[in-house]
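Hi,

Here's the structure I said I'd pass on to you.

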Amino acid sequence: MNWSFVFFFNSVLLGVGLAMDAFSVSLANGLNEPGMKRSRMCGVAGVFAFFQFAMPMVGWFCVSTIAQYFSVVEKFIPWIALGLLCYIGGTMLVEGIRNKNGDEEKPAVGFAALIVQGVATSIDALSVGFTIAEHDLTHALVCCLLIAVVTFIICMGGLALGKKFGTKLAGKAGILGGAILIFIGLEIFITGIL
């Protein structure tokens with residue numbers, strides 16, 4: 001494998017494709033927390049970027065070493081993503097309905113819930129390990145790093161958009177954010193099953 005333009009271009013395209021779920025969840029988080037500070041935005045985007053880096057690397061490792069065991073787990077990925085995102089989305093929906101008037105602003109998610117979101121939105125990236133299986137370790141690391149950088153940038157954009165519209169939507173933002181997360185979970189589930 002060489003360091004060609006095609007390698008970098010394909011890695012960036014993989015990053016864009018994989019970051020779409022994380023973008024939508026970032027949008028929902030921004031909607032739910034319109035007063036989010038820049039440092040928190042970087043932290044949220046960083047969590048998503050980390051998982052988008054780690055999951056393809058885990059997939060690559062599995063393909064390179066224990067591929068026969070990984071295929072057993074792969075069929076459960078849509079179910080896991082559906083469960084995690086529906087749980088977080090449902091929690092946001094309930095909190096949004098309780099706080100319909102927008103009287104109080106709470107962080108969209110705590111650290112533990114953010115980790116769950118990161119796993120749920122990146123779990124399908126495990127299968128990217130199959131697509132980069134022909135890469136050596138260095139190329140796989142660079143590819144996954146590019147995916148992480150693209151994810152970080154896209155998630156920052158999602159958070160900024162969510163914050164902008166979250167201020168306008170006030171109390172309904174939590175409801176909308178929760179509904180978006182549930183929709184994303186259903187989309188991952190349906191495309192994963194079909």
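This is a predicted model: local features need pLDDT of at least 70, side-chain atom pairs count only at pLDDT 80 or more; totals for chains, interfaces and linings use all residues.

Let's start with H1 by itself. This helix covers residues 5-32. With 28 residues, H1 reaches 39 Å from its first C-alpha to its last, close to the 40 Å expected at 1.5 Å a residue.

Now for the pairs. H1 packs against H5 (residues 111-122) at an angle of about 150°, and the two axes are 9 Å apart. Angles over 145 degrees count as roughly antiparallel, so that is what H1 is to H5. The crossing of H1 past H5 is right-handed. On the H1 side the contact is made by Leu18, Asp21, Ala22, Val25 and Asn29, while H5 brings Leu114, Gln117 and Thr121. Sorted by class, that contact of H1 with H5 has four nonpolar, three polar and one charged residues.

H2 (residues 38-65) also packs against H5, with an angle of about 40° and axes 9 Å apart. That angle makes H2 oblique to H5. Here too the crossing is right-handed, with H2 passing H5. From H2 you'll find Gly43, Val44, Val47, Phe48, Phe51, Gln52 and Met55. They meet Leu114, Ile115, Gln117, Gly118, Val119, Thr121 and Ser122 in H5. In this contact of H2 with H5 there are eight nonpolar and six polar residues, and no charged ones.

So how do H1 and H2 sit relative to each other, and at what angle do they pack? The angle is about 160°, with the axes 11 Å apart, and H1 and H2 are therefore roughly antiparallel to each other. H1 passes H2 in a right-handed crossing. Leu18, Ala19, Ala22, Val25, Ser26 and Asn29 in H1 meet Val44, Phe48, Gln52 and Pro56 in H2. By class, the contact of H1 with H2 comes to seven nonpolar, three polar and no charged residues.

Last thing, the start of the chain. Asn2 lies in the segment before H1. Which residues does Asn2 touch, leaving aside its neighbours within four places in sequence? Phe7 and His139. Asn2 and His139 are 137 residues apart in sequence, yet their C-alpha atoms are 8.5 Å apart in space.

Cheers

Note on methods: Residues are numbered from 1 along each chain as its sequence is written. Side-chain values use heavy atoms; hydrogens and water are left out. Axes are lines fitted to C-alpha atoms, for helices over the stretch in contact, and angles run from 0 to 180 degrees between N-to-C directions. Helices (H or I, at least four residues) and strands (E, at least two) are DSSP runs, numbered from the N terminus. Angles under 35 degrees count as roughly parallel, over 145 as roughly antiparallel, 65 to 115 as roughly perpendicular and the rest as oblique. A crossing is left-handed if the near helix is turned anticlockwise from the far one by less than a right angle, and right-handed if clockwise. Contact means heavy atoms within 4.5 Å. Ala, Val, Leu, Ile, Met, Phe, Trp, Tyr, Cys and Pro count as nonpolar, Asp, Glu, Lys and Arg as charged, and the others, Gly among them, as polar. The expected span of a helix is 1.5 Å times one less than its number of residues.
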